[in-house]
Amino acid sequence: MNTLKILIADDHDIVRTGMKALMEDQPGWQVVAEGGTGRQAVDKARATAPDVCVLDVTMPELDGLEATREIRRMTAGGRGPRIVAMTANAQSSDREQCLEAGMDDYISKPFTFETLSAVVTKWARR
């Protein structure tokens, strides 16, 4: 079985810690990097080449949309990671904004681990 490499970026330590613990309980999933700012997300995506990035939309330094645009620029021409947005904003215009920035999917907070797992699994298979 191939290991699914995941990057988590959220400015709340408790969210990152909880997500990491839950994700690493999944067979074949490994959190290879985590960060609390959009800049850290970009730098760690460059360093670790994750398969899936789960990015909070609202982070310091760079928000999740800006971080996504940078990750897409640095992986242009190649297969970049799948990027899933996490946000407390749950309007359809927020979803469209995430997709326009280059994110592949979107989940609204609060979410269940089942929801997160289903989205990550969906994109990991592609």
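The structure is a predicted model, in which local features need pLDDT of at least 70 and side-chain atom pairs count only at pLDDT 80 or more, while totals for chains, interfaces and linings use all residues. Residues are numbered from 1 along each chain as its sequence is written, and side-chain values use heavy atoms, with hydrogens and water left out.

The overall fold comes first. The protein contains five helices and five strands, where helices (H or I, at least four residues) and strands (E, at least two) are DSSP runs numbered from the N terminus. Read from the N terminus, these elements follow the order β-α-β-α-β-α-β-α-β-α. The radius of gyration is 13 Å, close to the 14 Å that the globule rule gives for 126 residues, so the protein is as compact as a globular protein of that length. Here the radius is taken over C-alpha atoms, and the globule rule is 2.2 Å times the number of residues to the power 0.38. Along the principal axes, the C-alpha atoms fill a box of roughly 35 × 35 × 25 Å.

Burial and surface can be taken together. Of the 126 residues, 43% are buried; buried means under 20% relative accessible area, exposed over 50%, and partly exposed in between (1.4 Å probe, protein chains only). Among contacts with a separation of 6 or more, 60% involve residues 24 or more positions apart, a contact being heavy atoms within 4.5 Å.

Strand β1 (residues 4-9) has five of its six residues buried, so this strand is largely enclosed by the rest of the structure. β1 pairs with strand β2 (residues 29-35) in the parallel sense over six bridges; two strands pair if DSSP finds at least two bridges between them. A9 has G35 of β2 as its bridge partner.

Two further buried positions deserve a look. T68 sits in helix α3 (residues 64-74) and is buried, with a relative accessible area of 0%. Beyond its neighbours within four places in sequence, T68 contacts L55, I83, A101, G102 and M103. Y106, in strand β5, is buried as well, at 11% relative accessible area. The C-alpha atom of Y106 is 7.8 Å from that of T87, although 19 residues separate the two along the chain.

Most residues other than glycine have a negative phi, and most peptide bonds are trans. A49 is not a glycine, yet its phi is positive, at about 45°. A49 belongs to the loop between α2 (38-48) and β3 (52-56) and counts as partly exposed, at 47% relative accessibility. E61, also other than glycine, has a positive phi near 70°. This residue lies in the loop between β3 and α3, and E61 counts as exposed at 59% relative accessibility. Finally, K109 and P110 are joined by a cis peptide bond with omega of about -10°; P110 is found in the loop between β5 (105-108) and α5 (113-124).
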